Amino acid sequence: MVSRVIPVDEFDLVIFGGTGDLARRKILPGLYRRFCAGQMPETARIIGAARSEHDAEEFKSIVRAAIHEFAANHACDEQQIGAFLDRLDYVQIDARGEGGWKELKGMMREGVVKAFYFSVAPALFGDIAERLQSNGIADAESRIVVEKPFGRDLQSAKKLNADLAKHFHETQIYRIDHYLGKETVQNLMAVRFGNILFEPLWNSQYVDHIQITVAETVGVGGRGEYYDKSGAMRDMVQNHLMQLLCLIAMEPPSRFDPDAVRDEKLKVIRALEPIDHHHIVRGQYDAYEGEPSYREDAGDLRSRTESFIAMRCMISNWRWAGTPFYLRTGKKLKARNSEIAVVFKDAPHSIFGEEAGRHANVLSIRLQPNEGMTLKVTIKEPGPGGMRLIDVPLDMSFAEALGDDAEEITDAYERLIMDVIRGNQTLFMRGDEVEAAWAWTDPLIEGWEARADVPKPYEPGSSGPEDSMMMLHREGRRWREIKG
Ligand code: NAD
């Protein structure tokens with residue numbers, strides 16, 4: 001199967017924080033892959049802008065090393081790399097200083113798409129936005145891309161939104177949530193709204209419950225002190241898991257267009273009920289075989305920040321009233337696995353008798369590893385043993401279904417950056433969505449802080465604290481196994 005790569009328009013992309021971890025691991029290798037795929041126009045330009053003192057040649061060496069390290073399995077052809085590096089330039093800029101801005105303005109071309117990626121700490125967003133305008137570098141057509149975390153509560157998110165709104169219109173602001181750039185997430189919309197099969201069943205009448213799991217095997221390691229100020233709720237739930245929940249739960253938008261999709265997601269967030277503390281379980285990983293505990297990693301032996309959270313969310317609307325959405329995410333769990341599982345209700349009556357067994361249909365959408373979808377259906381166990389029912393998966397692995405093209409499923413970052421150049425905001429969060437998500441999360445966090453709630457310990461390599469299992473058991477359900 002030959003994929004169609006439609007080149008994007010001519011562009012100048014400035015990456016603030018171009019020498020940082022995110023730029024080296026994701027943004028620049030991603031751009032290189034798009035270059036190799038023929039999606040970047042030959043004359044597109046990428047300008048690194050950061051505080052560190054480098055010239056263009058040194059920046060190119062940094063990028064060359066990053067490509068070798070992080071795009072290694074992509075044909076690392078020195079000629080291609082050389083041609084890509086020719087597109088690069090560098091300017092030393094302190095986001096809060098005055099030097100470098102005139103030089104940057106001199107580098108930018110007229111008549112091409114201008115995009116500015118803020119891959120720096122959010123505290124610098126306002127300063128950069130202000131200087132881009134006061135130096136006449138950005139225009140009414142320019143786009144800015146901002147990274148997470150977008151605030152740590154409603155108040156700080158509002159301030160960030162207000163700081164950006166002083167200089168850029170909402171249609172120019174691209175708030176990245178890289179989960180939305182994943183192939184499977186977009187496929188989720190294709191499956192829901194491109195087929196007639198699922199949508200009639202997509203409601204509380206037929207769906208028993210939905211599980212969203214984002215499990216990681218790594219701990220917080222060297223980022224412990226930073227992570228300890230946020231925790232799983234702020235770091236993962238408020239953004240990534242809630243975005244997934246919105247895409248699963250939203251009403252069909254009238255068109256696949258940015259505001260139509262984001263309006264529907266916003267309605268879901270606004271319909272989320274408050275959660276009482278019996279339906280939230282927070283955990284912290286223990287020490288294990290010489291590896292430090294969460295508290296040791298965090299550098300605070302009394303830390304009450306969660307490295308794991310499980311919660312039951314309810315949505316107050318006609319489609320979902322009464323259907324629980326169970327969310328969980330954590331560090332140092334059994335396997336690296338991100339999955340959405342739609343667990344359908346049992347058939348209302350078994351014509352085969354109870355001894356044949358009963359099995360619920362489950363649609364599982366895997367985000368990682370091995371992106372794809374599986375629909376568990378019930379069939380007869382083969383052989384002469386009578387009418388016994390078993391589950392078999394109808395499996396759609398994207399890598400298998402799409403052959404060679406899917407060997408390297410486009411990384412979320414590169415897809416999203418190409419969307420920025422195309423001017424398509426569908427997969428980016430709107431300001432009101434982010435604020436609504438914080439408005440829902442803030443009282444939950446305030447609740448456990450007021451109770452001085454202490455997270456439950458859990459063993460690294462497990463599925464999280466026992467209480468998380470109990471939360472579902474009490475309701476006659478169980479978590480799906482976390483499998484790699
Ligand atoms: P980093 O510390 O590795 O890099 C920061 C970059 O910003 C460097 O290039 C540095 O030179 C530049 N910088 C710092 N202060 C500056 C200033 N005053 N003026 C100009 N440039 C300045 O950080 P990172 O890990 O690359 O993260 C960047 C942003 O992306 C942060 O907002 C972070 O939360 C977010 N993010 C990072 C990751 C990741 O995997 N690293 C993932 C998601 C979001």
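Modeller: Helix axes are lines fitted to C-alpha atoms over the stretch in contact, and their angles run from 0 to 180 degrees between N-to-C directions. Please bear in mind that this is a predicted model.

Biologist: Is helix H2 parallel, perpendicular or oblique to helix H3?

Modeller: The axes of H2 (residues 56-70) and H3 (residues 78-85) come within 11 Å and cross at roughly 140°. Angles over 145 degrees count as roughly antiparallel and those from 65 to 115 as roughly perpendicular. The angle therefore makes the arrangement of H2 to H3 oblique.

Biologist: Which hand does the crossing of H2 and H3 have, left or right?

Modeller: The two axes cross at roughly 140°. For H2 and H3, the hand of the crossing is right-handed.

Biologist: What is the distance from a ligand oxygen atom to the side chain of Arg25?

Modeller: Arg25 is among the residues that come nearest to the ligand, together with Thr19, Asp21, Ala95 and Val120. Between an oxygen atom of the ligand and an N or O atom in the Arg25 side chain, the distance is 2.4 Å.

Biologist: Which helix gives the largest share of the shell around the ligand?

Modeller: By class, the shell has nine nonpolar, five polar and six charged residues. The largest share, three residues, comes from helix H1 (residues 21-36).

Technical notes:
Residues are numbered from 1 along each chain as its sequence is written. This is a predicted model: local features need pLDDT of at least 70, side-chain atom pairs count only at pLDDT 80 or more; totals for chains, interfaces and linings use all residues. Side-chain values use heavy atoms; hydrogens and water are left out. A residue is near a molecule or strand if one of its heavy atoms lies within 4 Å of it. A polar contact is a pair of N or O atoms within 3.5 Å; within protein, one must be able to donate a hydrogen and the other to accept it, and residues adjacent in sequence count only if both atoms are side-chain atoms. Helices (H or I, at least four residues) and strands (E, at least two) are DSSP runs, numbered from the N terminus. Ala, Val, Leu, Ile, Met, Phe, Trp, Tyr, Cys and Pro count as nonpolar, Asp, Glu, Lys and Arg as charged, and the others, Gly among them, as polar. Angles under 35 degrees count as roughly parallel, over 145 as roughly antiparallel, 65 to 115 as roughly perpendicular and the rest as oblique. A crossing is left-handed if the near helix is turned anticlockwise from the far one by less than a right angle, and right-handed if clockwise.
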